Amino acid sequence: SFKREELMQEVQMHMSERRFQHVLGVEETAVALAAKYGASEEKASIAALTHDYAKERPNEEFEMIIQRDGYDQELLHYGNAIWHGLVGASMVQRELGINDEEILEAIRLHTTGAAKMSLLDKIIYVADYIEPGRNFPGVKEARELALVDLDEAVAYETKHTLVHLIEQEQKIYPKTIETYNYWVVGKA
Ligand code: DGI
Ligand code: FE
Ligand code: FE
Ligand code: FE
């Protein structure tokens, strides 16, 4: 069975104290959402604890893995924001021995979302956005939506993240657009 303390220690060693506190906030939030919406609380805990595991790895390491492991080479035009989940999931698998495909997929999708998301994917995506340490205009509305309708919370987060990225003239990853088209514009 799942050794939470061991996993926490391993994660803590790979990041700043500030980021580790974020991870613990995501875990608390994800487990609560799992209980509310009927997902596995254990999977929510593991996915939350590991979702930002790779966030402090050097760019060179991501670039090496993207070139070595058959990822779309277009990924090289992005950066840590996109790599730490999508590519980071492979580091979680290799280094922490987590082989549960539902958990790995939730880690892969936690930054960009996707049109097709499992309940666990949505929980991690939303928990990352609303954990107690987050403090930005709109977080209160996002927290309220998450308690009422998880899909509405996904849509809210997606729209507001995209607006923010465009205001900053950041490069938009195609998966982020896919998420917006599906969850904000329409599921038809
Ligand atoms: O890792 P966290 O800070 O907890 O949160 P995250 O993984 O959800 O997001 C990391 C960053 O990625 C955040 O600043 C928003 C940004 N992001 C999300 N979608 C895109 C993106 N950045 C770019 N350039 N393009 C995207 O499509
Ligand atoms: Fe992240
Ligand atoms: Fe996020
Ligand atoms: Fe995070």
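This is a predicted model: local features need pLDDT of at least 70, side-chain atom pairs count only at pLDDT 80 or more; totals for chains, interfaces and linings use all residues.
D52 is buried, because its relative accessibility is 4%, below the 20% cut-off for that class.

Start with the metal. The iron ion (ligand 4) is coordinated by four residues: H22 and H51, each through NE2, and D52 and D128, each through OD. Along the sequence, the donor residues follow the spacing H-x28-H-D-x75-D.

The iron ion (ligand 2) is 3.5 Å from the iron ion (ligand 4). D52 coordinates both ions.

Now turn to ligand 1. This molecule is surrounded by 15 residues. The closest are K55, T111, R134, K171 and T176. Several polar pairs can be picked out. One oxygen atom of ligand 1 is 2.8 Å from a side-chain N or O atom of R134. For H110, an oxygen atom of the ligand is 2.9 Å from an N or O atom in the side chain. K171 takes part through its backbone: a polar atom there is 2.8 Å from a nitrogen atom of ligand 1. On its own, ligand 1 has 570 Å² of accessible area, and the protein covers 79% of it.

Next comes S90, in helix α6, which spans residues 88-96. Is S90 buried or exposed? S90 counts as buried, because its relative accessibility is 12%. The side chain of S90 reaches the backbone oxygen of V87 at 2.8 Å. Which residues does S90 contact, once neighbours within four places in sequence are left aside? They are I65 and Y71.

Finally, consider confidence. The mean pLDDT of the protein is 97. Of its residues, 98% reach 70 or more. Confidence is lowest in helix α1, residues 4-12, with a mean of 97. It is highest in α8, at 99.

Methods:
Residues are numbered from 1 along each chain as its sequence is written. Chains are lettered from A and ligands numbered from 1 in the order in which they are written. Side-chain values use heavy atoms; hydrogens and water are left out. Helices (H or I, at least four residues) and strands (E, at least two) are DSSP runs, numbered from the N terminus. Buried means under 20% relative accessible area, exposed over 50%, partly exposed in between (1.4 Å probe, protein chains only). A polar contact is a pair of N or O atoms within 3.5 Å; within protein, one must be able to donate a hydrogen and the other to accept it, and residues adjacent in sequence count only if both atoms are side-chain atoms. Contact means heavy atoms within 4.5 Å. Donors are N, O and S atoms within 2.8 Å of the metal (3.2 Å for Na, K and Ca); water is not among the atoms, so sites may look incomplete. A residue is near a molecule or strand if one of its heavy atoms lies within 4 Å of it. Accessible areas come from the Shrake-Rupley method with a 1.4 Å probe; for residues, only the protein chains shown count as cover. pLDDT is the predictor's confidence in each residue, from 0 to 100.
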